[in-house]
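Subject: Structure for your review

Dear colleague,

Please find below the structure that I am handing over to you.

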Amino acid sequence: MTTTPSAKKPRPRSDADAACRADNAVEKALLKKAKGYSYTQEDSCKCKTVEYDEHGKKIREDEVLRVIEVKKHMPPDYDSILFWLRSRRPQAWGEAAQAAGVPIIDDVPNAPILSADEMAALAEKRGDHAPA
């Protein structure tokens with residue numbers, strides 16, 4: 001007597017699974033936009049060939065429309081970066097932290113926190129123009 005394995009029915013996916021997948025997809029897209037990315041886009045161009053005789057007189061002119069692939073770059077998006085940081089690190093990047101004057105450079109050990117006057121003096125010393 002042979003036994004056949006019972007056919008497994010696909011497990012119905014719950015709404016929580018679908019929401020988790022959607023959240024992951026949006027998170028991945030936001031990170032991609034915050035970091036910037038390169039992509040390939042199809043574009044069309046008109047290629048023109050002109051044929052001349054030995055006296056320089058135009059004999060024939062042909063135009064061909066060709067589809068080419070162009071590599072383009074989307075630079076990082078400032079709003080996406082800010083949203084990402086405020087969501088992931090609200091203690092350093094949140095609006096309440098900024099209003100309270102929490103230094104943004106909290107990951108750099110011994111990083112000096114300069115006042116606006118100190119930054120202007122440093123810029124003047126280096127020969128840079130101080131921000132207005």
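Predicted model: local features only at pLDDT ≥ 70, side-chain atom pairs only at ≥ 80, totals over all residues.

Read along the sequence, the protein follows the pattern α-β-β-α-α-α-α. Of the 132 residues of the protein, 7% count as buried.

I begin with helix H1, which covers residues 15–35 and has 21 residues. From its first C-alpha to its last, H1 reaches 30 Å, close to the 30 Å expected at 1.5 Å a residue. The residue that follows H1 is Gly36, and the phi of Gly36 is positive, near 85°.

H1 also meets another helix, H2, which is formed by residues 78–88. The axes of the two helices come within 8 Å and cross at roughly 125°. The crossing of H1 and H2 is left-handed.

The next topic is the aromatic residues. How many aromatic pairs does a search of the whole structure find? The search finds one. The pair is formed by Tyr37 and Tyr39, whose ring centres are 6.0 Å apart, with 45° between the planes. The pair counts as tilted, because planes under 30 degrees apart would count as stacked and planes over 60 as edge-to-face.

The reasoning rests on the cut-offs: buried means under 20% and exposed over 50%, so a value in between is partly exposed.

Tyr37 has a further neighbour to note. The charged end of Lys32 sits over the ring of Tyr37, 4.6 Å from the centre of that ring.

Finally, I draw your attention to Cys45, which is found in strand S1, the strand made up of residues 37–52. Cys45 has a relative accessible area of 25% and is therefore partly exposed. Along the chain, Cys45 and Ile68 are 23 residues apart, while 7.3 Å separates their C-alpha atoms.

Yours sincerely,
A colleague

Note on methods
Residues numbered from 1 in each chain as written. Heavy atoms only, no water. Helix = DSSP H or I, 4+ residues; strand = E, 2+ residues; numbered from the N terminus. Expected span 1.5 Å × (residues − 1). Phe/Tyr/Trp six-rings, centres within 6.5 Å; stacked < 30°, edge-to-face > 60°. Lys NZ or Arg CZ within 6 Å of the ring centre and 35° of its normal. Axes fitted to C-alpha atoms, helices over the stretch in contact; angles between N-to-C directions. Left-handed = near helix turned anticlockwise from the far one by under 90°. Buried < 20%, exposed > 50% of the residue type's maximum accessible area, 1.4 Å probe, protein only.
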